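Welcome, and please take a moment to turn the model around before reading on. We will begin with the whole chain and then visit a few places in it.

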Amino acid sequence: MTPARMGGLHARVDAVWKLESAKIVAALTRMVHDVGLAEELAQDALVAALEQWPDEGVPANPGAWLTAVAKRRAVDHLRREGRAERAHAEIAHADESDGESAGAGGDTGDDETDVLRLMFLSCHPVLRTEGRLALTLRLLGGLDVAEIARAFLVDDATISRRIADAKRTLAEAGAEFAMPGRDELAARLSSVLEVVYLVFNEGYAATSGQALVRTDLCGQALRLGHRLAALAPSEPEVHGLVALMELQASRSAARTGPGGEPIPLHEQDRGRWDPVHVRRGFTSMLRARDLGGTPGIYVLQAAVAVCHAQARRPEDTDWTAIAALYDRLAALLPTPVVALNRAVAVARARGPEAGLALADALRDDPRLRDYHLLPGVRADLLGRLGRHDEARREYARAAALTRNDAERAYLDARAADPGGTTTAPTVDDRAAAFLDGLEPPARRAYGQTLRRLARGLGGTTPLDAVTGDEVSRVLVTTWGGAAAATWNRHRAAVRSFAAWLDRPDLAEGLERRDPDRVPAPPLDPTRVAALCDDPAVPVRERALWSLLHESGAPVRAVLALDVDELDRDDRCAGAVTWRARTARLLDVLLEGRTRGPVFLADRRPGPARTPATADRCPDTGRTRLSYERAEYLFTRATGRDATLRLLRPRR
């Protein structure tokens, strides 16, 4: 298969997965009663599709094919666990449901009920709020880790940890795959509503990729919202959320131009707003109001959407009423994103100066450090005030931060100099030139700092326009809360860059910090021995911990070892040496293996990940164990009071 056809196949598999993953995981959870295992089995089916479809062709009903394969994997698992009688029953059920799915396109009422059960399981009270949201978006929204991280304004590693912790907590608590009783429903509904709206938002304004709108996610969120409204008809917030999503969905066709570029709300052709969605939104809003009570966050946001929908022309919009609604919303939901939306409304109601003052107050909030809409809003307000040079720089910052191709092209166009005469070197230009002159180790060390600095300043911003205050703001917002050593490392990189530019003023406001804590002592050897000799711990972890302790080598150096690098007779691999306990554990771990990474992940990578050839075992297809996963496993085993670095004995 040609690379172009393979790329098309991957795109089709990804599209099918976005539509079907929630139903597949829900069906598997009903079978195996373990949401973490269910997702792993579903991912195995996805990998099987990527392996078989290039040779066999895409089946007529890809969703049913994935479901059937995943259920067979579940049955195999039940057999291995010794639950043969249950496995035979599941085979019959799987065969029946596969036939029904193939004939009906895989969209049955039972599927939707299972999806709702899965949603309430993901929002179980035993989970922390952030874990509920991340897990539900992963399982039901089909979002990958990066998309969820973008929605929460945190890094990818944080979301990975939240998802893993949530799965483990559900398994340890024995949470049931069932709808909550009437008494539990209200308590768990708020988390479910928040998740549904986050799924809708990711579809309505995609954080990454080429398209601005992902209709599959919007449609799924609307379906779940209507099912929730039927389930809880006396809850105003449920109807408020449905109204909000319907009214926002009504604008979908008008939000992009012929080339896919975004069109701001005040420039949209309102004749293209879908009247069916508008009517449904008004109906749901009336239901919410008829139920009475104090308006919650979704009813208030829906009221804002109603104000927009009632205005036939942009100039007819009642911005004073919208600003008042945002005042009430900010009191209920004091988040930086709500505050930014309030700044936009205030700017329309009271003038751009008032809105810019509110937006400027958010510039130092670390939660908005990667949020492209903050510089985007500031750019619009600066332009309305006639401060066009500043506006162009803010558009450049917004373009550097967004991960959506359509938005980036739009923002780049707004950032371009209308006269086309700007030839001054940009932040990107000078940072690239500086890094090119460094040796590889220094280039890697400084690269992270300067890439983040360029994103915060706007890569296409002329360097002459950058001030020390702006550099300081980016570093403080990004690493202000980090440990002293981390802050000093990034500060040193910026100082070196400023000296190379002969612009010492860029680093004048960056003070060095004194270390704020004494390094923790290494673990007691007796405790290490107990961990490494515990038969309840998998041999991979025990071999890794023992090797780190006996060799004293850095964690990343040990994880980078390959099987063919080991001299198992002399117990060494270059400068890494070990003793008898590690040798015994490595013999068990590597039995039958002669190549590939020594320490492997638990399973093969999904289709969204393309690891380097050197990091993949050619025999098993599994990838090298990551530092983050290894650290998580160790901290979990030690009660979260130790890290892998503490295994190294002090020299």
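Of the 651 residues in this chain, 49% count as buried, where buried means under 20% relative accessible area, exposed means over 50%, and partly exposed lies in between (1.4 Å probe, protein chains only). This is a predicted model, in which local features need pLDDT of at least 70 and side-chain atom pairs count only at pLDDT 80 or more, while totals for chains, interfaces and linings use all residues. Residues are numbered from 1 along each chain as its sequence is written, and side-chain values use heavy atoms, with hydrogens and water left out.

The chain has 28 helices and four strands; these are DSSP runs numbered from the N terminus, with helices (H or I) of at least four residues and strands (E) of at least two. Among the contacts with a separation of 6 or more, 65% join residues 24 or more positions apart, a contact being heavy atoms within 4.5 Å.

Now look inside. In soluble globular proteins, nonpolar side chains tend to be buried together. Here the largest nonpolar core has 100 residues, and L28, L66, L118, V196, F200 and L228 have the most contacts inside it. Such a core is a set of buried Ala, Val, Leu, Ile, Met, Phe, Trp, Tyr and Cys residues joined through side-chain atoms within 4.5 Å. Leaving aside neighbours within four places in sequence, L28 touches H33, A38, L41, A42, A70, K71 and A74. Another core, of 35 residues, lies apart from the largest one and includes W545, L559, V563 and L646.

Next come two pairs of helices. Helix α6 (residues 129-140) packs against helix α8 (residues 156-173) at an angle of about 95°, with the axes 8 Å apart. Axes are lines fitted to C-alpha atoms, for helices over the stretch in contact, and angles run from 0 to 180 degrees between N-to-C directions. The two helices α6 and α8 are therefore roughly perpendicular; angles of 65 to 115 degrees count as such, those under 35 as roughly parallel, those over 145 as roughly antiparallel and the rest as oblique. On the α6 side the contact is made by E130, G131, A134, L135 and R138, and on the α8 side by I159, R162, I163, A166, K167 and L170.

How are α20 and α21 oriented to each other? Their angle is about 175°, with axes 10 Å apart, and α20 and α21 are therefore roughly antiparallel. In this contact V427, D428, A431, F434, L435 and D436 of α20 meet R443, Y446, G447, L450, A454 and L457 of α21.

Two threonines are worth a visit. T136 sits in helix α6 and counts as buried, at 0% relative accessibility. The side chain of T136 reaches the backbone oxygen of R132 at 2.7 Å. T478 belongs to helix α22 (residues 468-479) and is buried too, at 11% relative accessibility. The T478 side chain reaches the backbone oxygen of V474 at 2.7 Å. Leaving aside neighbours within four places in sequence, T478 is in contact with R369 and R452.

Finally, turn to two loops. D502, in the loop between α23 (484-501) and α24 (525-532), has a positive phi near 60° although this residue is not a glycine. D502 is exposed, with a relative accessible area of 64%. R571, also not a glycine, has a positive phi of about 55°. R571 lies in the loop between α26 (555-559) and β3 (572-573) and is partly exposed, at 33% relative accessible area.

Definitions and conventions:
Polar contact = N/O pair within 3.5 Å; in protein donor to acceptor, adjacent residues only side chain to side chain.
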